[in-house]
Amino acid sequence: MDDRSLFTMLSMVKGIGSWSVHMFMIFSLHRPDVLLVSDLGVRKGVQLLYGLEELPRPSQMEQLCDKWKPYRTAGVWYMWRLVEGKGSTSIAAAPIDSGGDVQTLQQIQTEQETQQHQLQLLEPIKGMENLGAGHRWTLAF
């Protein structure tokens, strides 16, 4: 079944919404081109990736993530990892006062390390638009 037909059929079942259908398509059917426009983690990842002030709306998500085709599932996975990495190690740096205490300098160093880690997480995304459509692609978790 194509994605649209599958989505329509499964959505008719009471209690199964778009998020559940998309999860099924990603984790059970291993579809390579699924974009979860309503998933909070993916939206936050796109917000971080593109430096947006607010969470992107679903229509914005479609536009911003269009260049990830036909591997948007991989993009979704990277957005989850980006948010996960940001949340686990992020420490807000306090402004340096005239005293410049040691704790504040450690926080600044930690934030710089976090930013470097985030850039490393994004490296695979930069090359996604160059992937050929003729490649067989599977997602393993």
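Tutor: A helix here is a DSSP run of H or I with at least four residues, and helices are numbered from the N terminus. The model is predicted, not experimental. By that definition the chain holds six helices and zero strands, so its pattern along the sequence reads α-α-α-α-α-α. Met-9, for instance, belongs to helix 1, which covers residues 3-11.

The chain has 141 residues, of which 28% are buried. Among contacts with a separation of 6 or more, 55% join residues 24 or more positions apart. The accessible surface is about 9,100 Å², and carbon and sulfur atoms contribute 54% of that area.

Now the charged pairs. Five salt bridges are found in the chain, and Arg-72 takes part in two that can be followed in detail. With Asp-33, the closest N and O atoms are 2.8 Å apart. With Glu-62, the N to O distance is 3.6 Å. That distance still qualifies because the cut-off is 4 Å. Here the partners are 10 residues apart, Arg-72 in helix 5 and Glu-62 in helix 4 (residues 58-64). Asp-33, Glu-62 and Arg-72 are thus linked in a network of salt bridges.

Arg-72 has a relative accessibility of 10%, so it counts as buried, the limit being under 20%. Asp-33 at 22% is partly exposed, and Glu-62 at 38% is also partly exposed.

Another salt bridge joins Arg-31 and Asp-3, whose closest N and O atoms are 2.2 Å apart. Arg-31 sits in the loop between helix 2 and helix 3 (40-50), and Asp-3 sits in helix 1, with 28 residues separating them. Asp-3 is partly exposed, at 30% relative accessible area.

Next, the aromatic side chains. A pair of aromatic rings is described by the distance of the centres and the angle of the planes. A search of the whole structure gives two such pairs. In the pair of Phe-27 and Trp-80, the ring centres are 6.3 Å apart and the planes meet at 10°, so it is stacked. Phe-27 is in helix 2 (residues 18-27) and Trp-80 in helix 5 (residues 72-89), and the two are 53 residues apart. Phe-27 is partly exposed at 37% relative accessibility, whereas Trp-80 is buried at 18%.

The rings of Trp-77 and Tyr-78 have centres 5.0 Å apart and planes at 75°, so that pair is edge-to-face. Trp-77 has a relative accessible area of 24%, so it falls in the partly exposed class.

Finally, back to Met-9 and the surface. Met-9 has a relative accessible area of 45% and is therefore partly exposed. Together with Met-1 and Met-12, Met-9 forms a nonpolar patch on the surface, and the accessible area of the three sums to about 370 Å². Helix 1 therefore carries both Asp-3, the partner of Arg-31, and Met-9, a member of that patch.

Key: Residues are numbered from 1 along each chain as its sequence is written. This is a predicted model: local features need pLDDT of at least 70, side-chain atom pairs count only at pLDDT 80 or more; totals for chains, interfaces and linings use all residues. Side-chain values use heavy atoms; hydrogens and water are left out. Patches are made of residues with over 30% relative accessible area and no salt bridge: like charges are joined within 9 Å, nonpolar side chains (Val, Leu, Ile, Met, Phe, Trp, Tyr) within 5 Å. Accessible areas come from the Shrake-Rupley method with a 1.4 Å probe; for residues, only the protein chains shown count as cover. A salt bridge is a side-chain nitrogen of Lys or Arg within 4 Å of a carboxyl oxygen of Asp or Glu. Buried means under 20% relative accessible area, exposed over 50%, partly exposed in between (1.4 Å probe, protein chains only). Rings of Phe, Tyr and Trp (its six-membered ring) pair if their centres lie within 6.5 Å; planes under 30 degrees apart count as stacked, over 60 as edge-to-face and the rest as tilted. Contact means heavy atoms within 4.5 Å.
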